[in-house]
Amino acid sequence: MNSFLGFPRPGDMAGTRNHVLVLPAGRVLSIAATRVTDYVAGTKTAITGGAEVGRHKKDRERVARLLTGFAKNPNTYATIILGAKKGFGYQETEPYNLADEIAKAGKPVEVLTVEECGGLDRLVEEGIALARRYVHAASLVRREPVSADRLMIGVKCGESDATSGIAGNPSFGRAADLLIKDGGSVIFSETTELIGAEVDMAERCADDADAKRLLEMVFELEEAAKQTGEDIRGINPLPSNIAAGISTLEEKSLGAVRKAGTSKIMGVLEYATQPKKKGLSFMDGWMSAFSLPMSLAAAGCQIAIYQMGGDVLPSNDPPMLATNNAVVAPLMIITGNPRTASKAKRSIDFSSGAIIKGESSVEQMGEALYAKILSIASGEVTKGETIRYSDPLEPYYLGPVF
Amino acid sequence: MFHALQLEPVDNVATVVTEVGKGTVLTIQTPAETITLTSVEPIPFGHKIALSAIEKGEVIKKYGRPIGRAINSIPKGGLVGAHNIEGVRGRGDLVRKQGASK
């Protein structure tokens, strides 16, 4: 069995990173959280767009699952929650409620509030002091060899073009099959991109109830799409997909699901929830590059992968369409398009572009990609991780707002 | 080397993996063998070429599955894309048209 060098965590888990997480309990605390993480090395925060005010319970629970999910993720060593005061705001994101949920993972978690610290400025000062202590304590945890069955990776495909379904996604699918054979786990998502491929995916579900739920998720989303009164091609495939040769949503979906490899689907998950079983899972989620990677991290993935087509991107060092957007999980950008690989050398971590040039096979590229994933799990930084910038995050809300 | 890939034997389109001009004799890799086909118009990288003549309304297959239907007839060796095929899923525009005609 393959292995990687991971940070040991309680409950037989292992991190690929060793972050101290500073969580704002509500958007009003974002100002304090960013001051602390700007000041203290080795920290991460999650600044989400979309205020929680006026949202119904299901959507407030979604924010809470994201925040607690980042904290429970094995890549997080300890968490500091910054709140207004005890009992303030909606109960789902009330600071002590968040801490109680996070404590279940058996890792250090502490709440600091404006009320108890004696003001917002004082909260920042105490947050900095505590974060520095946690970062030092985190440094005493050392990487050690752990078997690949402790690894869970999440995948999104994007900026899709014709290489996505032929080379990039199948190579990832092959790597996913190899990790699952080693006892590890993989989550794929993007419910819109099951439309046209959902019957095949439902047939791969190990459990009938999961198959039913998967078909239901697709049905609900397709009905919502029809309610817009638009041809879905005005929404997805995106104009850039169509320019790159993907003509219909069905065509995009059939290429997209190649990233799910050939393993049985062991779980069909609600948004931002952790799988109960190892192996391959599908999670309901929004395809946006500013939303999905963090949702995969909240589900527990220790690495998020962005499988990019990218043929229509600008021809020299294009900006990546979201940077470090998996919060505590490294985001690895891969492509099956040799043209993308050469124009975005500074951003692409792995290319399976040799396939469409007839120089390699999906099997060979899948093996090479799995080796690269294990290296990044062991501490090799992704090209995106060398940049300090993190894009603002967008939770996948159901809406409406009131 | 090949110019295009047919992914499954039932597919009536192949994906072109290089820039192809009009009148090019393409080498196409199918699951079983290599075949040749002449393009009747330019086919850009990543776009699809018709492996046989396709009638209006005929189902387009790629990955062995339907990806939509032809809205015009398409000649063998022609470009297959958003200008001459349409998806049938998630079509809110069709729902609205049906609603309006009631």
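This is a predicted model: local features need pLDDT of at least 70, side-chain atom pairs count only at pLDDT 80 or more; totals for chains, interfaces and linings use all residues.

Q: OK. Which residues does the cis peptide bond join?
A: Gly399(A) and Pro400(A), with omega at about -5 degrees. Pro400(A) sits in the segment after α13 (362–377) of chain A.

Q: Switching to sheets: what is the strand order in the open sheet of three strands in chain A?
A: The order is β2-β1-β7, and the pairing is antiparallel; two strands pair if DSSP finds at least two bridges between them. β2 (13–15) and β7 (144–147) of chain A are at the edges with a single partner strand each, so one side of each has no neighbour in the sheet. Neighbouring strands of this sheet are turned by 75 degrees against each other on average, direction ignored. The axes there are lines fitted to C-alpha atoms, for helices over the stretch in contact, and angles run from 0 to 180 degrees between N-to-C directions.

Q: How many bridges hold β1 and β7(A)?
A: Four, in the antiparallel sense, with β1 of chain A covering residues 3–9. Leu5(A) has Pro145(A) in β7(A) as its bridge partner.

Q: Now chain B. How many helices and strands?
A: One helix and nine strands. From the N terminus the elements run β-β-β-β-β-β-β-β-β-α. The C-alpha atoms of chain B fill a box of roughly 55 × 25 × 20 Å along the principal axes.

Q: What's the order in the six-stranded sheet there?
A: β4-β3-β1-β2-β5-β8, an open sheet with mixed pairing. At its edges stand β4 (34–38) and β8 (79–80) of chain B; each has a single partner strand, so one side of each is left without a neighbour in the sheet. β5 (residues 48–50) of chain B pairs with β8(B) over two antiparallel bridges, and Lys48(B) has Val80(B) as its bridge partner in β8(B).

Q: Which residue of chain A does the Lys48(B) side chain meet in a salt bridge?
A: Glu251(A), at 2.8 Å, N to O. A salt bridge here is a side-chain nitrogen of Lys or Arg within 4 Å of a carboxyl oxygen of Asp or Glu. The rule finds six salt bridges across the interface of chain B and chain A.

Q: How many residues are in contact overall?
A: 31 residues of chain B and 35 residues of chain A, where contact means heavy atoms within 4.5 Å. The buried area is about 2,600 Å², 56% of it from carbon and sulfur atoms; that is the accessible area (1.4 Å probe) that two parts lose on being put together, summed over both.

Q: Which three residues supply 30% of what chain B buries?
A: Phe45(B), Tyr63(B) and Arg89(B), more than any other three residues.

Note on methods:
Residues are numbered from 1 along each chain as its sequence is written. Chains are lettered from A and ligands numbered from 1 in the order in which they are written. Side-chain values use heavy atoms; hydrogens and water are left out.
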